[in-house]
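Subject: Structure for you to look at

Hello,

Here is the structure, with my notes below it. Please read them with the model open.

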Amino acid sequence: MRAPLNCNSWLAQLRRIVPELSPAEALARQVDGALLIDIRDDAERAAGTAANALGLSRGFLELRIEQLQADRDHPIVLLCGQGQRSLLAAESLQRLGYRQVSSIAGGFDRWKAEGLPVTTSTLDTDATERYMRQLRLPQVGEKGQAALAAASVAILGAGGLGAPAALYLAAAGVGRLTLIDDDKVERSNLHRQVIHADARVGMSKTESARIALHALNPRVRIQMHTERLDAGNAERLLTGHDLIIDGADNFPTRYLLAAASRRLRIPMIYGAVERFSGQLSVFDPRREDSPCYRCLFPAAPAAADAPNCSEAGVLGVLPGMVGLLQATEALKLILGLGEPLIGQLLSFDALDMRFHKTRLSRDPACPGCAANP
Ligand SMILES: [Zn+2]
């Protein structure tokens, strides 16, 4: 009977069946088209990896390699810290039928020591793949993606406006979304609130939305507050967020939200719909020149002049359009892109598909933001 293997004798055996490359040879292979995979953990790779290496942690290697490279004859080069884990991993890929797997002797330590190209990436494979199309935008890139991951957005209402905004913000990788809504899903919501589903009628909207958002992007942290925003809880629910998406459907809630946004100095992205028209603006209390919601609506109109969707009716796509415009403004603010809709009111009419912007100035007598209202 043979003596049981210890770690060193096992590694020695592996060296006989797995070709080892110097870092320089590995780089040359990579230039020739070999797939270079850094199999260290996400946390190790965050401090730097070989340039253009793909990050795929050892624990997921066998499970995901076929998605990355189905061709068993494609050359694959594995990189770890010192060249041992990559030997173990290479043998495992050989068992899966990969015929051209090699391991980098000395690992990333030697790669760095020999002065070969290194990048510091904070993105793991999942993030790189998931956000690939927006990472390609030079205006976003890894820096923008990190800003999105660090951002937190409070969404008031998981309904007509909040739902589409939440879907796209989650998809884009906003790190934390807070949903505030005390309603339950009704069948009559579904023609416009497509985050919900027929099977979830009767469930709280926050939970129903959480299920959909988690299914879309499990990386996003979803916080739920299944309660109605009121004067007593507004500050507690909104504190600590970078932005507020206003998906309220009534004036009292909007006034409450606007007041909290000013007190907490959090920009509020306002949107509203009625029948076939919608409007949008951004109120940024951090900016001296920014009007507030009450510069636009100093007093609530009579209920008869401001019917909500359930009374007036609305074409289902309308809140979707406005919610997506709100999400667009949110992404612009987080990424510092373009001109946010501050001091401007965007209105559109879906029937003649006309959009127009009007200037919105700060009202010196505004009950919301004047020095002495
Ligand atoms: Zn104002």
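Start with F60, which sits in the loop between strand 4 (54-55) and helix 4. Helices (H or I, at least four residues) and strands (E, at least two) are DSSP runs, numbered from the N terminus. F60 counts as partly exposed because its relative accessibility is 39%. Buried means under 20% relative accessible area, exposed over 50%, and partly exposed in between (1.4 Å probe, protein chains only). From F60 to T253 the C-alpha to C-alpha distance is 47 Å, and 193 residues separate the two in sequence.

Before the rest, the ground rules. This is a predicted model, where local features need pLDDT of at least 70, side-chain atom pairs count only at pLDDT 80 or more, and totals for chains, interfaces and linings use all residues. Residues are numbered from 1 along each chain as its sequence is written, and side-chain values use heavy atoms, with hydrogens and water left out.

The zinc site

Which residues hold the zinc ion? The SG atoms of C292, C295, C366 and C369 coordinate the zinc ion, at 2.2 to 2.3 Å. Donors are N, O and S atoms within 2.8 Å of the metal (3.2 Å for Na, K and Ca); water is not among the atoms, so sites may look incomplete. The site of the zinc ion is tetrahedral, with angles of 98 to 125° among its 4 donor atoms. Four donors count as tetrahedral if all angles lie between 85 and 135 degrees; four count as square planar and six as octahedral if opposite donors are over 155 degrees apart and all others between 65 and 115; anything else is irregular. The donor residues follow the spacing C-x2-C-x70-C-x2-C in sequence. Distant parts of the chain are linked here: C292 is in the loop between strand 13 (277-283) and helix 14 (293-296), while C369 is in the segment after strand 15 (354-359), 77 residues apart. C292 and C369 are both buried.

Helix packing

Two packed helices are described by the angle between their axes and the distance between the axes. Axes are lines fitted to C-alpha atoms, for helices over the stretch in contact, and angles run from 0 to 180 degrees between N-to-C directions.

Helix 1 (residues 7-17) packs on helix 5 (residues 85-95) at about 55°, with the axes 10 Å apart. The two, helix 1 and helix 5, are therefore oblique to each other. Angles under 35 degrees count as roughly parallel, over 145 as roughly antiparallel, 65 to 115 as roughly perpendicular and the rest as oblique. Their crossing is left-handed. A crossing is left-handed if the near helix is turned anticlockwise from the far one by less than a right angle, and right-handed if clockwise. Helix 1 brings W10, L11, L14, R15 and I17 to the contact; helix 5 brings L87, L88, E91 and Q94. Contact means heavy atoms within 4.5 Å.

Buried residues of helix 5 include L87, A89, A90 and E91. Their cover includes helix 1, strand 1 (20-21), helix 4 (61-68), strand 5 (76-79) and strand 6 (101-104). G97 follows helix 5, with a positive phi near 100°.

Helix 10 (residues 162-172) and helix 16 (residues 317-335) pack at about 40°, axes 7 Å apart. Helix 10 and helix 16 are therefore oblique as well. Helix 10 passes helix 16 in a right-handed crossing. Among the contact residues are Y168 and L169 of helix 10, and G320 and G323 of helix 16.

E329 is in helix 16. E329 counts as buried because its relative accessibility is 7%. Leaving aside neighbours within four places in sequence, E329 contacts I269, L280, V282, E339, P340 and L341.

Strands and loops

S347 lies in strand 14 (residues 344-349). Is S347 buried or exposed? At 14% relative accessibility, S347 counts as buried.

Most residues other than glycine have a negative phi. R275 is not a glycine, yet its phi is positive, about 50°. R275 lies in the loop between strand 12 (268-274) and strand 13. M353 also has a positive phi, near 45°, and is placed in the loop between strand 14 and strand 15.

Best wishes
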